[in-house]
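Dear colleague,

I am handing over the structure below, and my notes on what was found in it follow directly after.

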Amino acid sequence: MTSAEDRYRAAISTMDAAAREQDEQRGLRERRLAEAQQQAREGMQRELAAAQKYAEHMDELNKRKQSAGGWATEKTLADKSRESLMEFGVHDEEADTGYTNYPTPSYGTPAAAIPPRPEPAPEPPAAAPEPPRRGRHARQPDDEDDFSSTSWLV
């Protein structure tokens with residue numbers, strides 16, 4: 001009966017190995033599912049924060065528009081927080097000094113070896129613009145639309 005016992009033990013060990021493999025696969029699936037859920041949760045929280053910020057910005061713009069009597073102008077919709085900031089240094093460094101494109105001599109090169117900067121060619125004088133031509137049967141402009149003599153305070 002040793003052969004039957006051996007086959008029984010082999011079948012039991014094969015079943016145990018299959019059960020262990022299924023448990024490991026289930027654990028791996030559950031781990032991947034938990035990771036995917038966590039990533040989705042974090043992504044949704046980021047999107048929610050961005051949507052909340054956008055909604056607050058749109059509410060602020062709408063409040064400004066309503067406080068201006070319903071007129072959505074550039075001044076009304078301008079960012080009020082930027083107006084009160086004092087900016088020093090950054091714009092001073094970026095300011096155009098007017099000394100651009102001048103060659104700078106290197107220390108090993110004499111100044112006479114640097115070619116002079118070419119002078120810009122003078123522009124030809126602009127011709128006087130012609131007055132617009134009127135058609136052959138063009139009518140004289142009507143003064144019916146001239147309301148300069150009307151008193152609007154009556």
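Which side chains meet in a salt bridge at 2.9 Å, N to O? They are those of D23 and R26, where a salt bridge is a side-chain nitrogen of Lys or Arg within 4 Å of a carboxyl oxygen of Asp or Glu. Because D23 and R26 are three residues apart in helix α1, about one helical turn separates them. D23, at 45% relative accessibility, is partly exposed, and so is R26 at 39% (buried means under 20% relative accessible area, exposed over 50%, partly exposed in between, with a 1.4 Å probe and protein chains only).

The whole structure holds two salt bridges, and the other joins the side chains of E60 and R64 at 3.2 Å, N to O. E60 and R64 also lie in helix α1, four residues apart; E60 is partly exposed at 35%, whereas R64 is buried at 11%.

Please keep in mind that this is a predicted model, in which local features need pLDDT of at least 70 and side-chain atom pairs count only at pLDDT 80 or more, while totals for chains, interfaces and linings use all residues. Residues are numbered from 1 along each chain as its sequence is written, and side-chain values use heavy atoms, with hydrogens and water left out.

The mean pLDDT of the chain (the predictor's confidence in each residue, from 0 to 100) is 77. The chain has four helices and zero strands (DSSP runs, H or I of at least four residues for helices and E of at least two for strands, numbered from the N terminus).

Best regards
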